[in-house]
Amino acid sequence: MIIRSSTMLRNKYNTISQLAHEKAEPIYITKNGEGDLVIMSIEAFERREAMLDLREKLLLAEQQRLAGEPTITLVEAQKRLKEKIHGKI
């Protein structure tokens, strides 16, 4: 866990920015010794958002499967994808 003070953020922004890009993880900013903010690079944030979006979609698919909704095999899914890619649908 990377923790830095709000004073460091204010006085050494470029250092914090470089650290965020190098480590690609959140940096916790404190104010008066208490947690206040979390910052991260845009690249890390977008990667994290994509991962959360994928997890949400997988959870929804699993809930639908458990509820008895129709499913298709991996082979059928691959076939449908190839057909879409090649414009056959």
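Biologist: In which helix does Asp-53 lie?

Modeller: This is a predicted model, in which local features need pLDDT of at least 70 and side-chain atom pairs count only at pLDDT 80 or more, whereas totals for chains, interfaces and linings use all residues. Residues are numbered from 1 along each chain as its sequence is written, and side-chain values use heavy atoms, with hydrogens and water left out. Helices (H or I, at least four residues) and strands (E, at least two) are DSSP runs, numbered from the N terminus. The helix that spans residues 42-66, and that holds Asp-53, is H3.

Biologist: What is the relative accessible area of Asp-53?

Modeller: Residues are sorted with a 1.4 Å probe, protein chains only, so that buried means under 20% relative accessible area, exposed over 50%, and partly exposed in between. Asp-53 falls in the partly exposed class, because its relative accessible area is 36%.

Biologist: How far apart in space are Asp-53 and Met-8, C-alpha to C-alpha?

Modeller: Along the sequence, Asp-53 and Met-8 are 45 residues apart. In space, their C-alpha to C-alpha distance is 33 Å.

Biologist: What span should the 25 residues of H3 have?

Modeller: The expected span of a helix is 1.5 Å times one less than its number of residues. The end C-alpha atoms of H3 are 36 Å apart, which agrees with the expectation for its 25 residues, namely 36 Å.

Biologist: Which residue takes a positive phi just after H3?

Modeller: Leu-66 lies in H3 and is exposed, with a relative accessible area of 61%. Just after this helix, a positive phi of about 90° is found at Gly-68.

Biologist: What distance separates the C-alpha atoms of Ala-61 and Gln-78?

Modeller: Ala-61 lies in helix H3, where its relative accessible area of 40% makes it partly exposed. Gln-78 is 17 residues away from Ala-61 along the chain, and their C-alpha atoms are separated by 17 Å.

Biologist: How many of the 12 residues of H4 are buried?

Modeller: Helix H4 takes in residues 74-85 and reaches 16 Å from its first C-alpha to its last, close to the 16 Å expected at 1.5 Å a residue. After H4 comes Gly-87, with a positive phi near 70°. H4 lies largely in the open, because the number of its 12 residues that are buried is zero.

Biologist: What is the relative accessible area of Thr-30?

Modeller: Thr-30 belongs to strand E2, residues 27-31. Not counting residues up to four places away in sequence, it touches Ile-3, Arg-4, Ser-5, Ser-6, Gly-35 and Asp-36, where contact means heavy atoms within 4.5 Å. Thr-30 counts as buried, because its relative accessible area is 18%.

Biologist: Which residue in the loop between E2 and strand E3 is Asn-32 to be compared with, that is, what is its phi?

Modeller: Asn-32 is in the loop between E2 and strand E3 (34-39), and it is exposed, with a relative accessible area of 75%. Most residues other than glycine have a negative phi. Asn-32 is not a glycine, yet its phi is positive, near 55°.

Biologist: Where is the place of Ala-24?

Modeller: Ala-24 also has a positive phi, about 50°, although it is not a glycine. At 35% relative accessibility it counts as partly exposed. Its place is in the loop between helix H2 (13-23) and E2.

Biologist: What pattern does the chain follow, read along the sequence?

Modeller: The chain has four helices and three strands. Read along the sequence, they follow the pattern β-α-α-β-β-α-α.

Biologist: What radius of gyration does the chain have?

Modeller: The C-alpha trace spans about 60 × 30 × 15 Å along its principal axes, and 11% of the 89 residues count as buried. The radius of gyration is taken over C-alpha atoms, and the globule rule is 2.2 Å times the number of residues to the power 0.38. A compact globule of 89 residues would come near 12 Å, but the chain has 22 Å.
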